[in-house]
Amino acid sequence: MRLNFSIFIKLLMIQYLSVLCVSEDFDFFYFVQQWPGAYCDTKHSCCYPRTGKPAADFGIHGLWPQNKDGSYPQNCNPDSALDEDQISDLTSSLQKDWPSLSCPSSTGFRFWSHEWEKHGTCAESEEIDQHGYFEAALKLKEKANLLQALRNAGVCVCVCVCVDSQLFTFLFHVLIKEALIRYCLLTKMSCSAKYVAGIQPDDGFYDLGSIKEAIKDATGFTPGIECNIDPSKNSQIYQVFMCVDISGSEFIECPVVPKRRCASKVQFPKF
Ligand code: 5GP
Ligand code: 5GP
């Protein structure tokens with residue numbers, strides 16, 4: 001009986017150590033958010049969740065363990081299916097911030113299960129259990145408000161009045177905020193700079209560099225941007241990758257910027 005008990009304890013220790021080992025087997029996370037307008041605006045259709053059309057906001061796609069050499073672990077523990085009870089207190093936040101747009105319509109649980117099984121199990125540790133994994137992703141989304149960052153991008157129209165001429169000349173410049181102010185000071189023009197909408201989901205085309213810069217200005221870190229192609233063959237902003245340390249709580253500069261294809265001017269589709 002005593003022998004059986006000691007074997008049982010040893011087995012428990014081996015299992016505990018194997019969980020710890022799995023948790024160290026990657027270098028950082030990609031935190032990936034998707035723009036629903038781009039997910040839906042392709043040849044494949046999308047379906048709104050059973051809870052209704054999600055808000056016009058970036059939604060979480062996943063929190064993916066990643067290695068610096070570009071490789072990544074996946075499906076690390078086939079025995080760890082997502083247990084709905086473990087995340088019941090997070091369900092309404094997940095429905096809002098991590099909606100599933102694939103068809104057929106679902107509550108989202110299938111998408112969350114897939115992400116947990118494929119990616120979450122590879123980060124499993126004492127801190128990052130099922131609840132910790134989803135909670136970490138929700139907190140990261142709160143920290144990086146991408147839509148707000150893009151709206152605040154500082155693309156503005158300046159109406160300058162040239163005072164050294166008899167005729168008032170109105171010039172219109174579309175410039176980035178700081179450059180605009182410097183320009184107006186240098187040229188000694190009196191300038192009433194007024195902001196127009198920044199980078200918005202209005203089907204407009206925006207400079208890829210300005211999109212990255214706006215997110216860097218707001219979060220402190222340069223993102224990776226992934227585009228997809230709409231039925232008219234326009235390159236449009238689809239996913240934003242940010243890098244996160246292995247605790248799952250702090251954004252970091254990406255050790256490897258994910259290389260995804262985008263044109264230099266990309267559409268930001270309506271949703
Ligand atoms: P896709 O082929 O559409 O880019 O990616 C399909 C799936 O593979 C993603 O949803 C994700 O689960 C996984 N994946 C693709 N690229 C990466 C990557 O760079 N890192 C990780 N960890 N997973 C990836
Ligand atoms: P990954 O590409 O991360 O391996 O996983 C994507 C899987 O989740 C696909 O099987 C896809 O059908 C499913 N899925 C469910 N809802 C969504 C969604 O809103 N966006 C994406 N990208 N995939 C979703």
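Biologist: How many salt bridges does a search of the whole structure find?
Modeller: Keeping in mind that this is a predicted model, the search of the whole structure turns up 4 salt bridges. One of them joins the side chains of Lys 141 and Asp 57, with N to O at 3.0 Å.

Biologist: Where do Lys 141 and Asp 57 lie?
Modeller: Lys 141 belongs to helix α5, while Asp 57 sits in the loop between α2 (36–40) and β2, so this pair ties together parts that are 84 residues apart in sequence.

Biologist: And is Lys 141 buried or exposed?
Modeller: Lys 141 counts as buried, because its relative accessibility is 8%, whereas Asp 57, at 23%, counts as partly exposed.

Biologist: Which residue does Asp 97 form a salt bridge with?
Modeller: Asp 97 forms one with Lys 96, and the closest N and O atoms are 3.0 Å apart. Asp 97 is buried, with a relative accessible area of 11%, but Lys 96 counts as exposed at 60% relative accessibility.

Biologist: What about Glu 226, which partner does that one have?
Modeller: The salt bridge of Glu 226 is with Arg 260, where the closest N and O atoms are 3.7 Å apart. This pair links distant parts of the chain, since Glu 226 is in strand β7 (residues 224–229) and Arg 260 is in the loop between β9 (251–252) and β10 (265–267), 34 residues apart. Glu 226 counts as buried at 16% relative accessibility, and Arg 260 as partly exposed at 40%.

Biologist: Switching to strands, how many residues of β1 are buried?
Modeller: Strand β1, which covers residues 28–34, has 7 of its 7 residues buried. Phe 28, Tyr 30, Val 32 and Gln 34 point one way from β1, while Phe 29, Phe 31 and Gln 33 point the other way.

Biologist: Which strands does β1 pair with?
Modeller: β1 pairs in the antiparallel sense with β2 (residues 59–66) over 7 bridges, and also in the antiparallel sense with β8 (residues 235–244) over 6 bridges. Gln 33 shows both pairings, having Ile 60 as its bridge partner in β2 and Val 240 as its bridge partner in β8.

Biologist: One more, about α4: what do its buried residues pack against?
Modeller: The buried residues of α4 pack against β1, β2, α3 (91–97) and α5 (130–143). Helix α4 spans residues 109–118, and its buried residues are Phe 109, Phe 111, Trp 112, Ser 113, Glu 115 and Trp 116.

Notes
Residues numbered from 1 in each chain as written. Chains lettered and ligands numbered in written order. Predicted model: local features only at pLDDT ≥ 70, side-chain atom pairs only at ≥ 80, totals over all residues. Heavy atoms only, no water. Buried < 20%, exposed > 50% of the residue type's maximum accessible area, 1.4 Å probe, protein only. Helix = DSSP H or I, 4+ residues; strand = E, 2+ residues; numbered from the N terminus. Pairing = 2+ DSSP bridges. Contact = heavy atoms within 4.5 Å.
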